[in-house]
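Reader: I have a model open and want to learn how to read it. Where do I begin?

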Amino acid sequence: MDKPPTDNQNPWLELRRLTPARIALGRTGTSLPTAAQLDFQYAHAQARDAVHLPFDHAGLGTQLAERGRDSLLLHSAATDRNSYLQRPDLGRRLSDESAQKLREHAQANPGGIDLAVVVADGLSALAVHRHTLPFLARMEEQTQAEGWSLSPVILVEQGRVAVADEIGELLGARMVVILIGERPGLSSPDSLGLYFTYEPRVGLTDAYRNCISNVRLEGLSYGMAAHRLLYLMHEACRRQLSGVNLKDETQVQTLDSDTAVHSNGNFLLSKPV
């Protein structure tokens, strides 16, 4: 009878080195080993902390000012974290005071803009704290080179994705992108999401938005995320739409050739060279 594979022969262990997913954890009787159980509890605690971490908008605003970027602080209709978590609809709209503040800003700065830039804490302020500035630096390199006009960075406390549509509409922006903390996973408490909308207005559904997710050091790089956003901006203006009818067909240069490949291609379907 064949002997069971040793640790060195176990193919799952090799796969485990390639992914943060919880595979090949082992077992002790019918239970997980203590180390795996403690690691799970630690990851769960990190996810919970990310959801409840306060948004350091003051610190972020100071860092933006040091880079020469103006910012404007607003608040959603959700008055605190508990109402934000229990009433998603409140996080999708600005408070009356913030809406009026934004109207006054728009009146003082008429003419409209190409892209409104919004940053909201979402479900992980940790993601916003870690990744907003390095992503904006890469994005603004490209938008400045191509002559796109940007709004001040609009900071929103207790904000959800759809709040960007109201902001874009009030600013008269041609397009809007919101940088927001995504729902923490057990291996990714700091994942930043980007949601892009052409001709934003109140009442749009997710079908009218494009999402670029998992922007972080272990996920999608800042440069690649900025490259994809610029592609969506170009295509949205050309085709005058965004959302499900606008596919991400960005192309990336391979490392060993000048051949461009689709970033969303399936390697299982690729023919060998």
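Author: Begin with Val161. It has 18% relative accessibility, so it counts as buried. Buried means under 20% relative accessible area, exposed over 50%, and partly exposed in between (1.4 Å probe, protein chains only).

Reader: What kind of model is this?

Author: It is a predicted model: local features need pLDDT of at least 70, side-chain atom pairs count only at pLDDT 80 or more, and totals for chains, interfaces and linings use all residues. Residues are numbered from 1 along each chain as its sequence is written, and side-chain values use heavy atoms, with hydrogens and water left out.

Reader: Which residues does Val161 touch, not counting those up to four places away in sequence?

Author: Contact means heavy atoms within 4.5 Å. Val161 touches Ile178, Ile180, Tyr195 and Arg209.

Reader: Which residues does UniProt list for "binding site"?

Author: UniProt positions are given in the numbering used here, feature names are shortened, and annotations may be inferred rather than shown by experiment. The unreviewed entry lists Val161, Glu182 and Cys211. They span 51 residues in sequence, yet no two of their C-alpha atoms are more than 11.1 Å apart, so they gather at one spot.

Reader: Is Glu182 buried or exposed?

Author: Glu182 is buried, at a relative accessible area of 16%. Its side chain makes a polar contact of 2.4 Å with that of Ser191. A polar contact is a pair of N or O atoms within 3.5 Å; within protein, one must be able to donate a hydrogen and the other to accept it, and residues adjacent in sequence count only if both atoms are side-chain atoms.
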